[in-house]
Amino acid sequence: MIDEEDIYIFAKFFIRNTMAKIINEVSRTFSEYLIIPGLTTKECTPDKVDLKTPLVRFKKGETSKIVLNTPFVSSIMQSVSDSGMAIALAKEGGVSFIFGSQGIEQQAEMVRLVKNYKAGFVESRANITPEQTLADVIELKKKTGFSTIGVTDDGTANGVFLGIVTGRDYRPSKDRLDKKVKDFMTPLANLVTGKLGVTLSEANDIIWDNKLNTLPILDENQRLMHFVFRKDYDNHKEYPNELLDTNKRLVVGAGINSRDHKERVPALVEAGVDILCIDSSDGFSEWQKDTIHYIKENYDVKVGAGNVVDRDGFLYLAEAGADFVKVGVGGGSICITREQKGIGRGQATSIIEVAKARDEYFEMTGVYIPICSDGGIVQDYHMTLALSMGADFLMMGRYFARFDESPTRKLMVNGSYVKEYWGEGSNRARNWQRYDMGGNDSLKFEEGVDSFVPYAGKLKDNLDITLGKVKSTMCSCGVLSLAELQTEAKITLVSSTSIIEGGAHDVIVKDTKN
């Protein structure tokens with residue numbers, strides 16, 4: 001017969017073994033930390049700071065096969081990373097991962113465009129047919145922001161070239177909106193063109209000798225290959241940090257999923273992709289392990305994996321063969337995974353734990369696997385915090401979505417210019433593969449939103465400011481490299497009142513916008 005004491009003991013055992021494991025450590029964000037200044041020596045000046053960082057795994061005593069010159073990569077998103085963003089970011093020393101929520105051939109073509117890019121030779125990203133109308137031209141200009149439009153037989157970037165349309169060819173206030181493009185374009189017969197194979201120096205000479213603003217570059221079949229612009233010559237600056245492969249071509253990445261990787265990866269490799277990344281909101285899965293194994297067994301290409309938020313997730317992907325591991329679940333500005341599913345972790349806590357696991361793995365195996373902080377960046381100083389906490393590089397979406405080079409429309413909303421920005425888990429993107437948990441191929445519920453971000457201008461101008469802040473903070477810590485930052489930086493938790501103290505307070509701030 002069971003007495004009351006036996007029942008009590010049984011109840012205690014049952015309750016203790018049927019509860020979830022509770023981690024009492026607070027899950028923290030970057031906003032809860034600050035970096036304490038160190039000794040700034042006379043040698044610590046921003047021009048001496050080196051931001052190089054490994055992108056893929058390497059063994060002790062060796063170097064990474066791909067080293068970023070700038071510790072930033074752009075997110076695997078429709079609204080962020082296309083060929084235009086990939087070219088712009090690679091020229092600044094980072095890498096774009098071209099979004100995979102599109103057709104395989106379309107993604108492969110974007111990779112080819114980046115690998116075939118030549119400085120000064122610009123692919124036409126606004127094109128139209130001669131049978132379209134002025135209304136179509138105005139809409140295209142509004143959508144893309146480009147004032148020079150190529151006229152081709154099929155309206156594609158590499159169609160048979162028939163002429164161009166610029167702002168000097170029409171007057172919206174007086175010309176009929178149904179006027180055909182062929183009736184007001186500047187035809188090929190009236191244009192000076194260059195032949196495919198011309199050097200940039202020769203193209204610029206043609207522009208200057210003929211007092212041109214734009215020089216179309218055509219192949220032997222009269223197909224449009226590139227434009228060369230006078231303004232690019234006038235504004236040309238060297239790109240000392242551009243990231244190149246061994247053949248002096250820009251480095252480019254691409255996102256893949258664990259569903260159609262056996263069809264997608266071969267096409268991307270053939271197109272010349274340098275690195276792949278499995279795009280998933282939850283990377284701690286057997287699906288990712290199988291995908292990594294398939295790639296490693298069949299192709300000589302690097303592949304990152306993720307996302308994870310703790311030691312166990314990192315070690316699982318490290319053992320599976322991932323060349324880098326992405327860290328972060330639910331911290332992106334357009335991500336609502338935490339709201340919808342109740343999973344995730346504060347980004348700072350995630351980075352700190354995974355970085356410790358990475359270092360222990362390196363000591364144990366002699367293999368260093370870089371980690372990428374994905375999400376949770378609100379202020380520029382959060383970037384430096386993430387790097388000091390152990391992230392080797394950062395993946396960002398909202399930051400890059402604001403720029404001219406992102407593929408979305410620039411709009412005027414409530415008197416301010418904005419750019420469209422939507423999550424891969426939104427109904428607009430419908431990237432069900434990223435959130436796939438097996439079963440039917442459909443998006444069960446949203447894990448992202450459709451939004452706007454403030455328009456910020458050109459990538460280069462903004463990136464120069466951001467990197468200037470990172471370098472300045474590093475100098476305040478007395479370090480000149482990211483490796484030194486991770487070992488020498490002192491980080492402190494801050495209270496809610498000290499956060500308020502850190503901004504402008506007890507004053508009336510002047511409006512300096514006018």
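Residues are numbered from 1 along each chain as its sequence is written, and side-chain values use heavy atoms, with hydrogens and water left out. Because the model is predicted, local features need pLDDT of at least 70 and side-chain atom pairs count only at pLDDT 80 or more, whereas totals for chains, interfaces and linings use all residues.

Four strands, in the order 7-8-9-10, form an open sheet of mixed pairing; strands are DSSP runs of E with at least two residues, helices are runs of H or I with at least four, and both are numbered from the N terminus. Two strands count as paired if DSSP finds at least two bridges between them. Strand 7 (127–128) and strand 10 (186–187) are the edge strands, each pairing on one side only. Strand 7 is joined in the parallel sense to strand 8 (residues 149–152) over 2 bridges, and Ile128 has Val151 of strand 8 as its bridge partner.

Helix 9 (residues 311–320) comes next. Its buried residues (under 20% relative accessible area with a 1.4 Å probe, protein chains only; exposed is over 50%, partly exposed in between) are Gly313, Phe314, Leu317, Ala318 and Ala320. Seen down the helix axis, these residues fall within an arc of 160°, so they line one face of helix 9; the arc is that of the directions from the axis to the C-beta atoms. They pack against helix 8 (286–298), strand 16 (302–308), strand 17 (324–327), helix 11 (347–365) and strand 19 (371–374). Just after helix 9, Gly321 adopts a positive phi of about 110°.

Beyond its neighbours within four places in sequence, Phe314 is in contact (heavy atoms within 4.5 Å) with residues including Val308, Val325, Val354, Tyr361 and Ile371. In the largest nonpolar core, which has 82 residues, Leu276, Phe314 and Phe400 touch the most other members. A second, separate core of 16 residues includes Leu55, Ile66, Cys277 and Phe324. Such a core is a set of buried Ala, Val, Leu, Ile, Met, Phe, Trp, Tyr and Cys residues joined through side-chain atoms within 4.5 Å.

Finally, the whole structure contains 0 disulfides, a disulfide being a pair of cysteine sulfur atoms within 2.5 Å. The sulfur of Cys44 has its closest cysteine sulfur in Cys475, at 5.6 Å, too far for a bond. For Cys477 the closest is also in Cys475, at 9.2 Å, again too far. Cys44 is buried at 9% relative accessibility, and Cys477 is buried with a relative accessible area of 9%.
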